[in-house]
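Please walk me through this model in the viewer. I would like to know what to select at each stop and what is there.

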Number of protein chains: 2
Amino acid sequence: MAEDVFKALADPTRRRILDELVERDGQTLFEICTRLVTKHGLGLSRQAISQHLAVLESAGLVLSRRQGRYKFHDLDTEPLERIVTRWLRPDAPENTP
Amino acid sequence: MAEDVFKALADPTRRRILDELVERDGQTLFEICTRLVTKHGLGLSRQAISQHLAVLESAGLVLSRRQGRYKFHDLDTEPLERIVTRWLRPDAPENTP
DNA sequence: TTGATAGGCAAGTCGCTACTTGCCTATGGT
DNA sequence: ACCATAGGCAAGTAGCGACTTGCCTATCAA
């Protein structure tokens, strides 16, 4: 649903997570946690990030693959393009650069 | 700010408003109210829509021009394109159709 | 000038959501 | 077998956001 995509993008922390995943795919939960702390100074618990990842996953923006005791997360940008074309007028001057 | 754009898009009613404005620019508050009620069956007060329009306006998605006692609202899709390109990998296969 | 229309301001309520805390499961190393 | 690591589940809390209600201002028509 587009609803889930918009709600997922509404939170700044979730957008940071997408930033991390677009930089490097296949990160685990702990990797994302430490990156958010060190690079962005966010002091969040592991569960907070886990819940954010669940939201992103149910929105289709993040795909996860389990492997042993690790769970790797990958970015899927496919839902992004569809939701924005909703309001782009086909023949508006700013949309035909 | 991109923050305001994402928060503005998070609400379903505000997205409906954008739907109405992309269909016809220059609508007043009351026009939008009646359209949301008749076409989408939303039973919202005038103030609710007014506050939504304020959010959209502060996000730069809606421009307003006052004329007498009327206030016309226009859609501006410019902020939309910038926020999505944030996570689109330049050379990913799904982004080069 | 009076009344009706179009809109704004401010306070208050209510539900959702982000976050925490505590405990539990499972996999891997030694 | 043991312990550490990677992650999950569930309940509880706090703050934000959507919506309402009531009242106020401004413009136009009669």
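The tour starts at the interface and then moves into chain A.

This is a predicted model, in which local features need pLDDT of at least 70 and side-chain atom pairs count only at pLDDT 80 or more, while totals for chains, interfaces and linings use all residues. Residues are numbered from 1 along each chain as its sequence is written, chains are lettered from A and ligands numbered from 1 in the order in which they are written, and side-chain values use heavy atoms, with hydrogens and water left out.

**Stop 1: the interface.** Select chain A and chain B. In contact (heavy atoms within 4.5 Å) are 23 residues of chain A and 23 residues of chain B. The two chains bury about 2300 Å² between them, 56% of it on carbon and sulfur atoms; buried area is the accessible area (1.4 Å probe) that two parts lose on being put together, summed over both. Now pick A:Arg15, A:Trp87 and A:Arg89, which supply 30% of the area that chain A buries against chain B, more than any other three residues.

**Stop 2: salt bridges across the interface.** Four salt bridges cross between chain A and chain B, each a side-chain nitrogen of Lys or Arg within 4 Å of a carboxyl oxygen of Asp or Glu. Select B:Arg86 and A:Asp19 to see a salt bridge of 2.6 Å, N to O. Then colour helix 1 (2-9), helix 2 (12-23) and helix 5 (78-84) of chain A, the elements that give two or more residues to the side touching chain B. Helices here are DSSP runs (H or I, at least four residues), numbered from the N terminus. Helix 2 of chain A gives the most, with six residues.

**Stop 3: A:Thr13.** Stay in helix 2 of chain A, where A:Thr13 is found. With a relative accessible area of 14%, A:Thr13 is buried; buried means under 20%, exposed over 50%, partly exposed in between (1.4 Å probe, protein chains only). Beyond its neighbours within four places in sequence, A:Thr13 is in contact with A:Leu36, A:Leu42, A:Leu44, A:Ile49 and A:His52.

**Stop 4: A:Glu20.** How accessible is A:Glu20? Its relative accessibility is 1%, so A:Glu20 counts as buried. Select A:Arg35 as well: the two form a salt bridge, with the closest N and O atoms 2.9 Å apart. A:Glu20 lies in helix 2 and A:Arg35 in helix 3 (residues 29-40) of chain A, so the pair ties together parts 15 residues apart in sequence. A:Lys39 is partly exposed, at 43%.

**Stop 5: A:Arg65 and A:Asp74.** This pair forms a salt bridge, its closest N and O atoms 2.7 Å apart. A:Arg65 is partly exposed, at 40%, whereas A:Asp74 is buried, at 14%.
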